Amino acid sequence: MATKNDTEKKPAETKKKASTKSTKNSQTSSKGSKKKNSKLGKVLTSIISILVVLLAVAWFLGGKPYVEIGAEGITIVQTEDPIIYHIPEFIRGEYPPVTDYSETSVSTKDTAETAPAAVVPASTASASGKSGSGTKGSFAGDLGYAEDDPLFFGNPTDAVADTKSNTNYLMIKPQYTLSYNTETLCPNWAAWHLDTSNMGPADRMDDFRPDTDLPEGWYGVKKADYQYNAYGFDRGHVCPSADRTTTKEDNSMTFLMTNMVPQSPDNNRIIWMHFENFERELANAGNEVYIIAGPNGTGGTSGKGTFDSIPIKLKSGEVLQMNVPATTWKVVLVIPAGTGDMGRVNKKDAYTIAINVPNQMGMQKTGDWEQYLTSVDEIEALTGYDFFELLPDDIEDALEAAVYVRK
């Protein structure tokens, strides 16, 4: 016979069993939840890891870019030559290029001994040094250019399309004109005219290639010859890609290697680029702009060091030396858009802008392109060239002596 105490114990035991069962169910449910969360976490971790690897590969192959935020907006800047551009060359066995580093000059000492051959224009041989109005100096190579032609106001070195003039060889293209130098393997200068008709919807072509217009037997610099991973210099446009975007062909022509000089990334991607943007602002504001630009001197600094030249070893074993400039200069003549350009260049409405930028890293830390403003006269003294020599002497003298002040 059950006692009262036994009767009271049974419900308690039942409750205890139920509680134990509930606890076990709860623990089982908790373990199941943990397993699910663990699996989900592993999946998410795997996905994130794969994305990180893919992004790292894309970043590496794409030239290790970073984002720069400035007055022009957001710009993606590549810090190295994108490897992905060299895949066809790699397949053909042309990349990386064969290089004998023992013949590389890596010092700026004794640069006078390694400096490229000077280009001495005929016009600077005159007693006056100026040649405007047709009464002084030499006009060899200056005349016969139509309005809006890059050389309408004069040929700064009297360059000619004669193979005997291999250090001052004239190359005329529909998009720009240049003087090429086979000893430096770079242009002495490039000249172009800029207005709103030159800017359109065409994309950047990025088709760097040798210039097939060079005379037979002359070496045509290749994209891979810049050897970015070893020397760290950009293939710097003289006539900018963005100044020729009316058609794809126009833009493509700016990627000929005769239009390139070795530029330090901070020069090319910051100071030089910002000044190019300013030139286009001038054109969009109702002006037309005559521009001449080029390299000067020997010895530039990149993120890889200081170099006087970049060696190019040919299959024959011969080693050519592409000059690395000490500075890059630019001379700009600005006049209101219209016709009759020669008659409209006067002391009131026209003005010049000249800059000379060190081919070094870190120059932007002390300011933008305005810190490198100088006069056209100073660029003439630096290079030995004679700019805008077809202008009347009094106007040429006034424009070339002035140092631009940005408003």
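Predicted model: local features only at pLDDT ≥ 70, side-chain atom pairs only at ≥ 80, totals over all residues.

Biologist: In which order do the 7 strands of the open sheet follow one another?

Modeller: The pairing in this open sheet is antiparallel. Strand 3 (169-172) and strand 15 (373-374) stand at the edges with a single partner strand each, so one side of each is left without a neighbour in the sheet. The order is 3-4-5-8-13-14-15.

Biologist: Which residue of strand 8 is the bridge partner of Leu 194?

Modeller: Strand 5 covers residues 186-194 and strand 8 covers residues 287-296. The two pair in the antiparallel sense over 5 bridges. Within strand 8, Leu 194 has as its bridge partner Val 289.

Biologist: At what angle to strand 14 does helix 8 run?

Modeller: Helix 8 (residues 376-383) lies across strand 8, strand 13 (327-336), strand 14 (351-358) and strand 15. Relative to strand 14, the helix runs at about 45°.

Biologist: Is Gly 232 buried or exposed?

Modeller: Gly 232 sits in the loop between helix 4 (228-231) and strand 6 (234-237). Beyond residues up to four places away in sequence, Gly 232 touches Gln 227, Pro 265, Ser 302 and Lys 304. The relative accessibility of Gly 232 is 3%, and the limit for the class is under 20%, so Gly 232 counts as buried.

Biologist: How many residues apart in sequence are the parts that Lys 330 and Glu 279 tie together?

Modeller: The side chains of these two residues meet in a salt bridge at 3.1 Å, N to O. Lys 330 lies in strand 13 and Glu 279 in helix 6 (residues 265-284), so the pair ties together parts whose separation in sequence is 51 residues.

Biologist: With which residue does Glu 288 form a salt bridge?

Modeller: Glu 288 belongs to strand 8, and the other residue of the pair belongs to helix 7 (residues 341-344), 56 residues apart. Both residues are buried. The closest N and O atoms are 2.9 Å apart, and the partner is Arg 344.

Biologist: Is Lys 347, the salt-bridge partner of Asp 394, buried or exposed?

Modeller: The side chains of Asp 394 and Lys 347 meet at 4.0 Å, N to O. Asp 394 is in helix 9 (residues 393-401), while Lys 347 is in the loop between helix 7 and strand 14. Asp 394 is partly exposed, with a relative accessible area of 45%. Lys 347 has 53% relative accessibility, and the class requires over 50%, so Lys 347 counts as exposed.

Methods. Residues numbered from 1 in each chain as written. Heavy atoms only, no water. Pairing = 2+ DSSP bridges. Helix = DSSP H or I, 4+ residues; strand = E, 2+ residues; numbered from the N terminus. Contact = heavy atoms within 4.5 Å. Axes fitted to C-alpha atoms, helices over the stretch in contact; angles between N-to-C directions. Buried < 20%, exposed > 50% of the residue type's maximum accessible area, 1.4 Å probe, protein only.
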